[in-house]
Each structure stands twice: as structure tokens, then as C-alpha cells.
Amino acid sequence: MSMNRNLPWRSVWITGAGRGIGEALAILCVQHGLTVYASSRTTSELERLKDSCQRYPGSIVPTPLDITDPRQIEEVMQSWDKGAGLPELVILNAGTHDPFPAQAFSAQRCQRVFDINLQGTINCLDPVLKRMLKNDSGQVAVMASVAGYRGLPTAAAYGASKAALIHLCEALRLDLKDSNITLQVINPGFVRTPLTDKNDFKMPALQEPEEAAESIIKGLLSKRFEIAFPGRFVCFLKLLRILPYSWYFKLIGKTVKT
Ligand SMILES: NC(=O)c1ccc[n+]([C@@H]2O[C@H](COP(=O)([O-])OP(=O)(O)OC[C@H]3O[C@@H](n4cnc5c(N)ncnc54)[C@H](OP(=O)(O)O)[C@@H]3O)[C@@H](O)[C@H]2O)c1
């Protein structure tokens, strides 16, 4: 682990912590002594995470919930209200991907992606922001993706859900500018996880989840609005973002083979 500085937080809530990027983030935080409230729907993955982290200075508190169910989120919030309060850092990472082309377009599949990625994240943000505003303190980061920058093949639903999250965070960051609340958006490139294991194309600039977790923690420490990585891939995608449509469609059609 190359990161050797102390982290300024005592506790963190991470959604989607059972596997992939969320799990790597949870492990990094526990290694630095944080109490990690780890959420996802699959309790067995949270228990396995807890067991694998026994040797580290921090601790994992399995906090199973489904982010599409506001009642389950509220129950967890109330248990925190009765105890030590909301963790000072919140990372809303849980998400899903369901790639399908226009030829298989489906309102049902779009809704499932939107229910988790967009509305699920909003369901968590609502009680989190209320509590942070009440205390005028806290740090919250929302997991979007570079796939939210522009339309990509087979990613109509996924990309649109992530674009919506980026937009939502931009607006909230402006609203919160005079508060002590830090709101950030995380836009990773490709990271090797169970989610991307289902991609059947060669993923450019693919990173390991541990590298992604380090980039995210560094970005959280910086407090800058956007945490995007890896750098060169993100620069390339940001250039694509300003191209006229005719150039963009031609270039992306040649670059991305699905
Ligand atoms: N991997 C990449 O290349 C990449 C790139 C950019 C952005 N991202 C974003 O990063 C986040 C994590 O991705 P990943 O690759 O680590 O995915 P992953 O390996 O599939 O892990 C997703 C996590 O989210 C949880 N989750 C899904 N639906 C949930 C729900 N309704 N309620 C609570 N938890 C839920 C999953 O657990 P359960 O299924 O047990 O609930 C799991 O722990 C996602 O938001 C993804 O869009 C990933």
C-alpha cells in the first residue's frame, strides 16, 4: 500500500462495499483505522469482508440494505441517530451495469438501472444531506463514471444514469458552496471488478480496484469536486467531450469495438 498518511476521518459509510471498488475502498479505510459501515444487499459478502479485515486497526460493521428501499435506509439512519450519529464520510458507490444495444432496448431494463444507480443514490443522499445540513458538516461522494460524459455503445441506460448523477452533483455542489459540507463526484475509467468482468471487449486503461481505491481516497483528501482517474484516459475522454457530434460518432465508432 503506497498511501502512508493518516486519514482525517474516524468513520465512513460505503454503499456497494461487498465487492469490487467498494470492497477495495472499505479495506483501505480499515487499514487506516476507520470504522467502516459497509452496505450492500448480500450479507454474506459483508460478513466475508468483515472476517478478512480482522487483522487491521479499524473495523467493518456490516450494514446490509437495499438502496432502492428508502425504509431500509431510514432504519439505518435512525440507529445511527440513536448512537454515534451519521459517519462523517459517506461514499455512495453502489451501482449496476446492464449493457444492451438499441436493438434490445427495454424500458424495464432501463428502469432497473435507473432505480439503483440514480434513484437509489438519491434515496441515500436525502437523509444524508438532511443530517449534514443540520450539523453543517460532513463529506459525501457520489460514484458516477466517465461513461456519463458522452453516449457510448450499449450504454444508453448506464451512461444516462451516470450523466444524471454528475449533473445532480454539479447542482448540489453549487447549492452547498457556503456550507461546510463537501460534496464530490467520482468518475473512474475501467476498473477490474465483477461488474466489468461481463464486458466482452478489451477495456482500455483498465485499473485494479486497489489502485482505484487509492485514487479515490487521494481525491477525497483534496476535496476537489471531481475525482476522475486514470489521468491520461480521462484527459482523452474530456477531449472527446468537446468534439462536434460528427467527429465524435466517427471516432468512437472506430475506437470502441463491442
Ligand atoms: N468497475 C468499473 O469499471 C467502474 C467504472 C466507473 C464507475 N463504476 C461504478 O462504481 C460502482 C461500483 O462498481 P463495481 O465495478 O465495484 O461494481 P460491482 O463489483 O458490481 O459491485 C457493486 C456493489 O454495489 C452493490 N449494490 C448493487 N445494487 C445495490 C442495491 N440495490 N443496494 C445496495 N447495494 C447494491 C453490490 O452488492 P449487492 O448486489 O449484494 O447489493 C456490490 O457490493 C458502481 O456505481 C459503478 O457504476 C465502476
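This is a predicted model: local features need pLDDT of at least 70, side-chain atom pairs count only at pLDDT 80 or more; totals for chains, interfaces and linings use all residues.
Select serine 39 to begin: this residue is buried, with a relative accessible area of 1%, where buried means under 20% relative accessible area, exposed over 50% and partly exposed in between, computed with a 1.4 Å probe and protein chains only. Serine 39 belongs to strand β2, residues 35-39, helices (H or I, at least four residues) and strands (E, at least two) being DSSP runs numbered from the N terminus.

Residues are numbered from 1 along each chain as its sequence is written, and side-chain values use heavy atoms, with hydrogens and water left out.

Next, select the ligand together with the 29 residues around it, of which Arg41, Thr42, Tyr158, Val191 and Thr193 come nearest; a residue counts as near if one of its heavy atoms lies within 4 Å of the molecule. By class, this shell has 14 nonpolar, 11 polar and four charged residues, where Ala, Val, Leu, Ile, Met, Phe, Trp, Tyr, Cys and Pro count as nonpolar, Asp, Glu, Lys and Arg as charged, and the others, Gly among them, as polar.

Now display the distances from oxygen atoms of the ligand: one is 2.3 Å from an N or O atom in the side chain of threonine 42, one is 2.8 Å from a polar backbone atom of isoleucine 21, and one is 2.8 Å from a backbone N or O atom of asparagine 93. The protein covers 97% of the 880 Å² of accessible area that the ligand has on its own, areas coming from the Shrake-Rupley method with a 1.4 Å probe. Colour α1 (20-31) and α5 (156-175) to see the elements that give two or more residues to the shell around the ligand.

Finally, move to asparagine 117, which is found in helix α4. Is asparagine 117 buried or exposed? Asparagine 117 is buried, with a relative accessible area of 0%. Its side chain makes a polar contact with the side chain of serine 161 at 3.2 Å, a polar contact being a pair of N or O atoms within 3.5 Å of which, within protein, one must be able to donate a hydrogen and the other to accept it, and residues adjacent in sequence count only if both atoms are side-chain atoms.
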